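The entries follow in the order I took them.

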Amino acid sequence: MVTVHIGEPKSDGYPCYESNEIHVHNFLDLPDAKSGDNVVESPEFKCFGHTWRLEVYPAGDHDDVEDGDDFISVYIRNLSDEKITVDYRFIVMETNGKESSWIDDWENVEFDIGCAWGTDLIRRVVLIDNQSHYLVNGALVIKVQMRPSEEYYVKSLELTVDNVIDEFMKADGNNHNMAKAAAKKFIIEHKEEVVASESLNRLYESKELMIEVMQALASVNLGQWT
C-alpha cells in the first residue's frame, strides 16, 4: 500500500508521534502467572535519540487480582543515559490492521534514566474470548507512540535557538557571515517555533539580521514581537 498526501498535514507546532509496533508472538503460550516476575521484554528500539524497551506482563503485574479481572500490563523503559519528558500511547492493534479502542494515553511524563512507566492495557479475558479480533497469527500487536512533550520540546528548541544566536553574536569577519547565514537558516526552518520562543527577543541585538528574519517571517503572526 502506498500512502499519498495532498498538501501538508496539520501540525500543532511540535513533532508528531513516532510509532513502533511490538509483536508478542505466541502470546497465549506465555506463562499466565499473575506476578511482577512474569515479564516478557522486547528488543531495544530507538525513538527520538533514546533507547527504549517494552515490557509486557501477560497476566498483569498484580498477584492479588482475582481470575477474570486481570489485565495485560505493559511498561516502557528508558534505557538511555539521559532523561526525557514525553507524551506516549499504548494501542492494541486489531487483526484488520486498525487501532482498537484499547488505548492508554499519557502526556508530559518524565522518564528518568532507567525509569519505566506503564499501565494495565487490556483485560486478558477479552483477549482470550476474541482471539480472531486481536491476535495476529497468535501475536499480540501493541503500537507504541511517542513524542517529546511540548514543554520538553520548547525548552530544547529555546536552548538550540540560544546557541545559534550566541554563535552569531560572538562571530566576526567571515565567521560572522557564516554564523549569520546559519542563524537565518535555522530560524526560517523553525519559524513557527521560534516565534513562540522568548529567545527571539535577543535577535534585536542585531538590526541587520532582524530585518532579514522579519522578512522571512512575514507570513507568521509575530504577536508580541510586532
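**Core.** A nonpolar core here is a set of buried Ala, Val, Leu, Ile, Met, Phe, Trp, Tyr and Cys residues joined through side-chain atoms within 4.5 Å. I am working on a predicted model. I asked which residues touch the most other members of the largest nonpolar core. They are Leu54, Ile76 and Leu140, in a core of 28 residues.

Beyond its neighbours within four places in sequence, I listed what Leu54 is in contact with. The list includes Ile22, Val40, Phe45, Val74, Ile76, Phe90, Ile142 and Val144. Glu41 and Ser42 are also on the list for Leu54.

**Whole chain.** I counted secondary structure next. The chain has six helices and 10 strands. Of its 226 residues, 40% are buried. I checked how far apart in sequence the contacts reach. Among contacts with a separation of 6 or more, 69% join residues 24 or more positions apart. The accessible surface of the chain is about 13100 Å². Carbon and sulfur atoms hold 48% of that surface.

**Confidence.** I read the pLDDT before going into side chains. The chain mean is 78, and 65% of the residues reach 70 or more. Residues 219-226 fall below 50. That stretch still has 14 contacts in the model beyond near neighbours in sequence. Where pLDDT is low, the predicted coordinates should not be read in detail. I left the stretch there.

**Salt bridges.** How many salt bridges does a search of the whole structure find? It finds seven. Side chains of opposite charge can pair when their charged atoms come close. I looked at several pairs one by one.

Arg53 and Glu55 meet through their side chains at 2.8 Å, N to O. Both Arg53 and Glu55 are buried. Arg77 also forms a salt bridge with Glu55, with the closest N and O atoms 2.6 Å apart. Arg77 sits in strand β5 (residues 71-78) and Glu55 in strand β4 (residues 50-57). The two are 22 residues apart, and the pair links distant parts of the chain.

Arg77 has 23%, so I logged it as partly exposed. The cut-off for buried is under 20%. I also noted a network of salt bridges that links Glu41, Arg53, Glu55 and Arg77. Glu41 had already come up as a contact of Leu54.

Lys143 and Glu99 came next. Their side chains meet in a salt bridge at 3.1 Å, N to O. Lys143 lies in strand β10 and Glu99 in strand β7 (residues 99-111), so the pair ties together parts 44 residues apart in sequence. Lys143 is buried at 13% relative accessible area. Glu99 is partly exposed at 37%.

**Gln145.** I stayed in strand β10, residues 139-148, where Gln145 is found. Is Gln145 buried or exposed? Its relative accessibility is 8%, so Gln145 counts as buried. I looked for a polar partner. The side chain of Gln145 makes a polar contact with the side chain of Ser19 at 3.0 Å. Leaving aside neighbours within four places in sequence, the contacts of Gln145 include Tyr17, Glu18, Ser19, Asp87, Tyr88 and Arg89. Ile91 and Glu99 are on that list too. Glu99 is the salt-bridge partner of Lys143 noted above.

How values were computed. Residues numbered from 1 in each chain as written. Predicted model: local features only at pLDDT ≥ 70, side-chain atom pairs only at ≥ 80, totals over all residues. Heavy atoms only, no water. Helix = DSSP H or I, 4+ residues; strand = E, 2+ residues; numbered from the N terminus. Buried < 20%, exposed > 50% of the residue type's maximum accessible area, 1.4 Å probe, protein only. Polar contact = N/O pair within 3.5 Å; in protein donor to acceptor, adjacent residues only side chain to side chain. Contact = heavy atoms within 4.5 Å. Areas by Shrake-Rupley, 256 points an atom, 1.4 Å probe, with all protein chains shown as cover. pLDDT = per-residue confidence, 0-100. Salt bridge = Lys/Arg side-chain N within 4 Å of Asp/Glu carboxyl O.
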